[in-house]
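Grab a pencil and open the model in your viewer. Let's work through a few exercises together.

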Amino acid sequence: MERISLTDDLFLWLEHRQQPLHVAGLQIFSLPPDAKPGHIQEIAEQMRACTKPVVPFDQHIVERRLGNCWDHDDSFDINHHFRHVALPKPGDIKELFTFVSCEHSNLLDRSRPLWETYLIEGVKGKHFALYTKIHHALMDGVSAMYLSMHCLSPDPGQMDMPPMWQTQLPKHVKEGQQQRNILSSFRGAASLLGTQLGTIRPVISMLMETLKAARKNPETANVFKAPQSRLNQPITGSRRFAAESYKRARLKEIAVRTQSTTNDIILAMCGTALRRYLQSLDSLPEQPLISMVPVSLRKEESFGGNEVAMILANLATHKEDPMERLAITKDSMNESKDRFKRMTKEQATNYTAALLTPSFLPLLTGWMPKWLAFNVVISNVPGSSKTLYWNGAKQERHYPVSAITNHMALNITIISYEDRFEFGIVGCRRT
């Protein structure tokens, strides 16, 4: 039995019927060229036969008075976690996204390991799909992406590849995870407290620096400048999902010509889209929308749980000129990244917690719902530039399906795959 970290436990505390806090991935595969009739049924039988999940897919929650724990599930039932379904005809993208929207609205059962996988057949054009959702307390988006890549292979001839829940982690990852567990056992609460106390002074210094920068530059993103918008209303438990792909070379060329990064261009694209959307509803705020951009603090051997810091980026939606919007967004990102480079991992984590308190306080207490640190979450997760296969089936698309929270009704997450950026957009159906 292992204690759940405070960061991971927070996702369990914040979850309720209107606010499911799982993340997911939608993978679309083309059938192998030599696939015979009934091939997908064979895939389903092979996946259902994988009844011995590895850590963390075999872990369920044990509630304790002083904090929740992870423990091995002795009553694991594969039929609850793996489901074989078929889309209604014609099985186009519309039907697929509708299915994902409905399933993404449903809470995971906390009495069992917090994940589910759906094998979806009936996808138009000799395709099938996998939709896998995992609770945010179990792993963050970077962990999920890292694991999904290890489930696949660049070799189309490689067979007998297990599903995600039975994929063995690489040796160096398991050793790194075991080392952290051993270290955490010996350090004890006193050492942890000492580390945290040591961050107070530099974190306060960085917060003061942030506030001073905001006073000097009106375009600096900070916790006091996110305006109210249509995106920042109470949400229901129902979700809508949409996705789109853009060529990496196209965005790269724009980045080179404007002396920006591709991430700057992605943020500018999202800001422009949100500006046009809110203008079409005659509800564009006078102040610029602020995006929260997660930044991974994860080391190469690290896996599981949540290890992220947050950057606040000005999307400059109040500016009509797209080049002016890009310049403001780029400056906002560069200033935040420079600040994080001067921090340790613990300092970055605590600085993030202090910076985002205005948004998390309403989530935890329901108080001051109009006190916003940001308006929307935009996350860019690195993926694979290689074409990947699963038991001979080519992965054609890999769309992220993330979580939203109350008064934060939209999430845009991007994964890079092959020569494209895959955009996954999740919103509250009503809002």
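Predicted model: local features only at pLDDT ≥ 70, side-chain atom pairs only at ≥ 80, totals over all residues.

Residues are numbered from 1 along each chain as its sequence is written, and side-chain values use heavy atoms, leaving out hydrogens and water.

**Exercise 1.** Find the buried residues of helix 2 and what covers them.

*Solution.* Start with residues 39-48, which make up helix 2 (helices are DSSP runs of H or I, at least four residues; strands are E runs of at least two; both are numbered from the N terminus). Ile40, Ile43, Ala44 and Met47 are the buried ones, buried being under 20% relative accessible area, exposed over 50% and partly exposed in between, with a 1.4 Å probe and protein chains only. They sit on the same side of helix 2 because their arc around the axis is only 100 degrees, taken from the directions from the helix axis to the C-beta atoms. Their cover, by contact (heavy atoms within 4.5 Å), includes helix 3 (78-81) and strand 5 (82-86).

**Exercise 2.** Trace the salt bridges of glutamate 116.

*Solution.* Look for a side-chain nitrogen of Lys or Arg within 4 Å of a carboxyl oxygen of Asp or Glu. Arginine 83 pairs with glutamate 116 at 3.7 Å; this ties strand 5 to strand 6, 33 residues apart in sequence. Glutamate 116 also pairs with lysine 133 at 3.9 Å, and that links strand 6 to strand 7, 17 residues apart. Now check accessibility: glutamate 116 is buried at 5%, lysine 133 is buried at 1%, and arginine 83 is partly exposed at 27%.

**Exercise 3.** Which network includes glutamate 422?

*Solution.* Glutamate 422 bridges to arginine 420 at 3.2 Å, and both are buried. Through shared partners, salt bridges join Lys247, Arg397, Glu418, Asp419, Arg420 and Glu422 into one network.
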